[in-house]
Amino acid sequence: MKKGVSFLVTVALMALASSLASASDPSPLQDTCVAIAEPKNAVFVNGKFCKNPNLTKAEDFFYSGLDKPGNISNPVGSAVTPVNVAQIPGLNTLGISAVRIDYAPYGQNPPHTHPRATEILTVLEGTLLVGFVTSNPENRLFTKVLNKGDVFVFPIGLIHFQFNIGHTNAVAIAGLSSQNPGVITIANAVFGSDPAIDPDVLSRAFQLDKNVVKNLQSRFWYDNN
């Protein structure tokens, strides 16, 4: 009986470990792999060019400027300041990144997804209405009003949003479980694709008149990232 229970516990732990491993970027096989565009002074590890460890320096793991607010004078009233492998090359293979998000009063970070990352968001200033929607067929909406110091998690790949419901600017910091989480803003991708999606496709998918679809496609879809 004890052996059977032990076996089940072992299987459960292995399943949990497997699920956690798949929730972020692949684990690195070395201490550092600072991303480098020019392979002249690089070594080839884990399928990527990495800076020679002997040439790695502290600046490869450093970024300055997250204390500065982004420009929120735009149609969506928000600005995302990323800190991923593009800003900190030392993040390469480490499976983590961060963003600062600034919101004007009633500004929003429009519905979007991160195809490669779970996000954990902390409100530093202001009041945000946040939420995410689960996959088909339930499409359940989970939503919460967050105040300063509150934390909320958006599961990997699910559509989510933040909306500043306060009368003052709001600020949040988020961590993401990928060095390059990616972002797909739903409205931009659907109505602002290049080239445009056939209006007949969108007309039927959204149950809209084709002229409404064409009008939406003719608009400028602002990217706050």
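How many salt bridges does a search of the whole structure find? The search finds 5, a salt bridge being a side-chain nitrogen of Lys or Arg within 4 Å of a carboxyl oxygen of Asp or Glu. The model is predicted, so that local features need pLDDT of at least 70 and side-chain atom pairs count only at pLDDT 80 or more, while totals for chains, interfaces and linings use all residues. Residues are numbered from 1 along each chain as its sequence is written, and side-chain values use heavy atoms, with hydrogens and water left out.

Among these salt bridges is the pair D102 and R100, in which the closest N and O atoms are 2.8 Å apart. D102 is buried, at a relative accessible area of 4%, and R100 is likewise buried, at 9%; buried denotes under 20% relative accessible area, exposed over 50%, and partly exposed the range in between, with a 1.4 Å probe and protein chains only. A further salt bridge joins D67 to K68, with 3.8 Å between the closest N and O atoms. Both of these residues, D67 and K68, are exposed.

D200 and K210 also form a salt bridge, their closest N and O atoms lying 2.8 Å apart. This pair links distant parts of the chain, since D200 belongs to helix α3 and K210 to helix α4, 10 residues apart. D200 is partly exposed at 44% relative accessibility, and K210 is partly exposed at 33%.

Two packed helices are described by the angle between their axes and the distance between the axes. Helix α3 (residues 199-206) packs against helix α4 (residues 210-218) at an angle of about 115°, and their axes are 9 Å apart. The helix α3 is therefore roughly perpendicular to α4, given that angles under 35 degrees count as roughly parallel, over 145 as roughly antiparallel, 65 to 115 as roughly perpendicular and the rest as oblique. Axes are lines fitted to C-alpha atoms, for helices over the stretch in contact, and angles run from 0 to 180 degrees between N-to-C directions. The crossing of α3 and α4 is right-handed, the near helix being turned clockwise from the far one by less than a right angle.

I120 is located in strand β6 (residues 119-125) and is partly exposed, with a relative accessible area of 44%.

Key: Helices (H or I, at least four residues) and strands (E, at least two) are DSSP runs, numbered from the N terminus.
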